[in-house]
Amino acid sequence: MKSQYFAGVDLGSTMTKVVIMNQAILASVIGPTGPEHRKLANKVMEQALAKAKLSFVDITYVVATGYGRINVPFADKQITEISCHARGVACLLPEARTVIDIGGQDSKGIKLKEGRAVDFVMNDKCAAGTGRFLEVTAEGLGVKLEDMGRLSLQAKNKVEIGSTCTVFAAQEVVAKLAEGVPLTDIIAGLHEAIAARIYSMVGRLKIEKEVALTGGGAKNIGLVKALEAKLGFPVLLPPEPLLTGAIGAALLGKDIVREAEEKGIPLVRRERRLTEATLFT
Amino acid sequence: MTQEKKPEKRRTATEAAAKIGPMQKANIQGVAQAKAEGKKVAYAFIACAYDEIIRAMDIVPMWTEAYAGICGAKRDAQRFLERAGAENFSRSLCTYALCGLGFDAWREELGEMPPDAPWGGQVKPDVMLGSGQLLCDPRNKWYQAAQHYMPDVPVYDVGLPWPPYEDDYDYREVQDYYVKYIVEELKGLVQFLEKHTGSKMDWARLSELVDLTDRTWNLIWETYELRRAVPSPMGTGDAMNTMVPIVFMMATQQAYDFFKELNEELKRKIANKEGEIPDEKYRLIWGGGLPAWFALTDFNYFNSKGAVFPVETTYRVVEAIYNFDIDLSKITDPLEHIAWRWVKFWTYWYDKARKRPGSHPSVERLIQYIEDYKIDGIVMHEAFSCRSWHVGLIWQLNLLKKVYKDIPSLILESDIVDISSYNEADTRARIDAFIDTLEAVKSR
């Protein structure tokens, strides 16, 4: 029997992630999603295929997810990021009952039961509870985004950030710098502020242990620690938090193919041609 | 002037709901006509129990919340909101009030209707009848603020309380006091209207209208109960139309006749097994919150995913009179009758709540609907500018899940009028995710 390969494409607001798997992950690629890159999910897929030493015709099924899932014209199916994150976490961290995903443009809480999402909350209205908050404030402070988490842990006396708006918070931190407040104390305060907002949102779900943290926010040690302090217990982290959605998408593709085979339902697939999205041209 | 995208028209499931647009337009234009004919016009709020009183006195209501909602639905509210902003009203106030105040400020400054005012505009009133009750605090202050622009128009602020819910006492111990209080408030309203409009109360007509209202309440309740059918013949999208005769036309024969027609239409659809959509997969309750009037096509989007709303709590502001624990027909004084109906409506779910430890009337109502209408999931809308109806929705949801069962839920976020709070792509992404969770729960 011919081997089956499944691809998951997670087109997020900041990063595009592609995973190719059969029984295990064969290749994964994480690339940026910018205004130009947004239509180039096909390029990221090509990189993943090269890493997996496969061609696109070898892929049995492609599922796209994420904010820009509709911009993946070569996907066989689009599935919401809630379902994909749930499936990914259920596979990687089966003991998790709650997922907190902190993305570049939104954040969400997902409640899991028997490996599937049964409830969720989302913040897509306000940047203050998303990765964007740290991006904007890091820029204001002249600090690299990837250094923010580490620096926050060096705080001696974290400050309170009063502004609930990202733009005003960015101004507030510059003012605090001018007042002579140590940079690390300000950064710790920013992490505290974003953790508080996320915790408040996810609190709408009954948070059940264990809690898995995914998305770019999970790669920020300062944010992980700030959220753990709010929750009162440690969180679980997948090996690569950015890939959870793409892994879930690939796994859901596998589930779809299996179900179709078991029930003898014909599988609807797109022509195996890697094209870029035309929405932006 | 802010240019807003012309709204896509929502598809209705029932013929009756499709008639509402022209009916409401005629209502609004009818106020201007009545004013031109010398009739007295009152600014009025919905669900204030004074429908029969003003109609018996031949005073024409200008429903200011309705007009703001119409501006929102026509995506023509921003210019009035901006006007209110320029008057330094906070953006965090009720956007119905902001829209109305912005409109009034502009109309009074011009001495005529603002250009291209939707459906001819909101007519300057002769009196303004505020009433916050326990429900909505802006309604106590809105008309007082409107007096900044219309100092010659008097305001009467009617207080219509009801006994608060406590699980360790029976509200019947104090209900008589509330009824007496409300009757006095309504008497004061009649005196105020007689003094400031010159109209005299026609007490015989008031009694007739009280009786008509009772019959209309029963008919509405019976009609909406028909939506229990599987497939359900009518959804909340349509109910956001059919709320017009409920809250803006109560105590009129036209409202009664409308529901008679809708009742017959729903029975016909049920007999033909004709649902709101051909393939009903998920049955949802609109469990709280006023709708985003500019985004009613979201209901069609739910439909496209196989989801229907056989029931909602919003604007279902009636119960069957014959289900009350008193016989209202024996209360012949019309003001007392109105007061008892008011108290019995707001306390309707109290007894049920007391039977379930830790529950609350608002949650019991949801539970009853979930059971009766075979509901799979609950959708609520948090309108950022409406504290009154929206504070506590999350609490209700959490309590429901605690005392009843864990049911998939979706919270939509935007506003009633302010379209800048709305993002169609994000809203629909949430709906997609919610449909996924419904499917996951169903297939477990």
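## Chain A: burial and overall form

In chain A of this predicted model, buried residues account for 51% of the 281 residues. The chain contains eight helices and nine strands. Its radius of gyration is 20 Å, close to the 19 Å that the globule rule gives for 281 residues, so chain A is as compact as a globular protein of that length.

## Two domains in chain A

Chain A is divided into domain 1, made of 5–84 + 243–263, and domain 2, which covers 96–237. Their C-alpha centres lie 27 Å apart.

Where the two domains of chain A meet, eight residues of domain 1 are in contact with ten residues of domain 2. On the domain 1 side, the touching residues comprise three nonpolar, five polar and no charged.

## Helix α1 of chain A

Helix α1 of chain A takes in residues 41–52. At 1.5 Å a residue, its twelve residues should span 16 Å, and the end C-alpha atoms are 17 Å apart, which agrees. The buried residues of α1(A) are A:Ala41, A:Val44, A:Met45, A:Ala48, A:Leu49 and A:Ala52. They cover an arc of only 140 degrees around the axis, which puts them on the same side of α1(A). Among the elements covering these buried residues are the strands β1 (5–11), β2 (15–21) and β3 (25–32) of chain A.

Just after α1(A) comes A:Lys53, with a positive phi of about 55 degrees. A:Lys53 sits in the loop between α1 and β4 (59–65) of chain A. Is A:Lys53 buried or exposed? With 10 C-beta neighbours inside 10 Å, A:Lys53 counts as exposed, because the cut-off for exposed is 12 or fewer.

## Helix α2 of chain A

Helix α2 of chain A, residues 81–92, also has twelve residues. From its first C-alpha to its last, α2(A) reaches 16 Å, close to the 16 Å expected at 1.5 Å a residue.

How many of the twelve residues of α2(A) are buried? Eleven are, so this helix is mostly covered. The buried set includes charged side chains such as A:Glu81 and A:Arg87, along with A:His85, A:Gly88 and A:Leu92.

## Chain B: overall form

Chain B has 18 helices and eight strands. Its radius of gyration is 21 Å, close to the 22 Å that the globule rule gives for 444 residues, so chain B is as compact as a globular protein of that length. Along its principal axes, the C-alpha trace of chain B spans about 65 × 55 × 40 Å.

Of the 444 residues of chain B, 49% count as buried. Among contacts in chain B between residues at least 6 apart in sequence, 79% join residues at least 24 apart.

## Where the chains meet

Turning to the interface, 15 residues of chain B are in contact with 14 residues of chain A. On the chain B side, the elements that give two or more residues are β8 (409–414) and α18 (424–442). The largest share, nine residues, comes from α18(B). By class, this side of chain B has seven nonpolar, two polar and six charged residues.

## Backbone details worth a look

Most residues other than glycine have a negative phi, and most peptide bonds are trans. Against that background, B:Ala47 has a phi near 50 degrees, a positive value in a residue other than glycine. B:Ala47 lies in the loop between β1 (41–44) and α3 (51–56) of chain B, and B:Ala47 is buried, with 22 other C-beta atoms within 10 Å.

Two cis peptide bonds can also be found on your screen. One joins A:Lys209 and A:Glu210, with omega about -10 degrees; A:Glu210 is in the loop between α6 (183–202) and β9 (211–214) of chain A. Another runs from B:Val230 to B:Pro231, with omega near -5 degrees, and B:Pro231 lies in the loop between α9 (203–225) and α10 (236–248) of chain B.

## A loop histidine in chain B

B:His148 is placed in the loop between α7 (138–146) and β4 (155–157) of chain B. B:His148 is exposed, with 12 other C-beta atoms within 10 Å. From B:His148 to B:Tyr373 is 225 residues in sequence and 47 Å in space, C-alpha to C-alpha.

Technical notes:
Residues are numbered from 1 along each chain as its sequence is written. Chains are lettered from A and ligands numbered from 1 in the order in which they are written. This is a predicted model: local features need pLDDT of at least 70, side-chain atom pairs count only at pLDDT 80 or more; totals for chains, interfaces and linings use all residues. Two residues are in contact if their C-beta atoms, placed from the backbone, lie within 7 Å. Helices (H or I, at least four residues) and strands (E, at least two) are DSSP runs, numbered from the N terminus. The radius of gyration is taken over C-alpha atoms; the globule rule is 2.2 Å times the number of residues to the power 0.38. A residue is buried if 20 or more other C-beta atoms lie within 10 Å of its own, exposed if 12 or fewer, and partly exposed in between; C-beta atoms are placed from the backbone. Domain bounds come from an automatic or database domain assignment. The expected span of a helix is 1.5 Å times one less than its number of residues. The arc is that of the directions from the helix axis to the C-beta atoms.
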